[in-house]
Amino acid sequence: MKITIDQVRYVAELARLDLAPGEEGSLTGQLNAILEYMDQLGEVDTTGIEPTSHVLPLTNVMREDVVHECLTNDEALANAPSAEQGHFAVPKIIE
């Protein structure tokens, strides 16, 4: 399948891209090269190979949810530059 310059113009219009006339020809060649490579990949024998979403097997690494001691409110605010009513005080950014 070959891409024509008219198809590149049509897709550029859909994507609202303003292409210069030289870019249209360049993109046509690049897109055709991509399609040729995809055709080469289509010729590879993949019988007996299961489809995958990742090359490597993925597993979730989970740790046990263990309850442990937490900081008290006073300990958490001990090094805060500013605190008010038991909370971190930060400058107002919304008016």
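Is glutamine 85 buried or exposed? In this predicted model, glutamine 85 counts as exposed because its relative accessibility comes to 81%, well clear of the cut-off, which is over 50%. The residue sits in the loop that links β1 (83-84) with β2 (87-88). Most residues other than glycine have a negative phi.

Arginine 16 belongs to the loop between α1 (5-14) and α2 (21-42), and with 73% relative accessibility it counts as exposed.

Then there is helix α2, where threonine 28 is found. At 12% relative accessibility, threonine 28 counts as buried, since buried means under 20%. As for what lies around it, once neighbours within four places in sequence are set aside, threonine 28 is in contact with Ile3, Thr4, Ile5 and Val8.

On the surface, a nonpolar patch is made up of Leu31, Ile34, Tyr37, Met38, Leu41 and Val44. Taken together, these residues have about 570 Å² of accessible area. One of them, valine 44, is placed in the loop between α2 and α3 (73-77). Valine 44 is partly exposed, because its relative accessible area of 47% falls between the cut-offs for buried, under 20%, and exposed, over 50%.

Definitions and conventions. Residues numbered from 1 in each chain as written. Predicted model: local features only at pLDDT ≥ 70, side-chain atom pairs only at ≥ 80, totals over all residues. Heavy atoms only, no water. Helix = DSSP H or I, 4+ residues; strand = E, 2+ residues; numbered from the N terminus. Buried < 20%, exposed > 50% of the residue type's maximum accessible area, 1.4 Å probe, protein only. Contact = heavy atoms within 4.5 Å. Patch = residues over 30% accessible without salt bridge, like charges linked within 9 Å, V, L, I, M, F, W, Y side chains within 5 Å. Areas by Shrake-Rupley, 256 points an atom, 1.4 Å probe, with all protein chains shown as cover. Salt bridge = Lys/Arg side-chain N within 4 Å of Asp/Glu carboxyl O.
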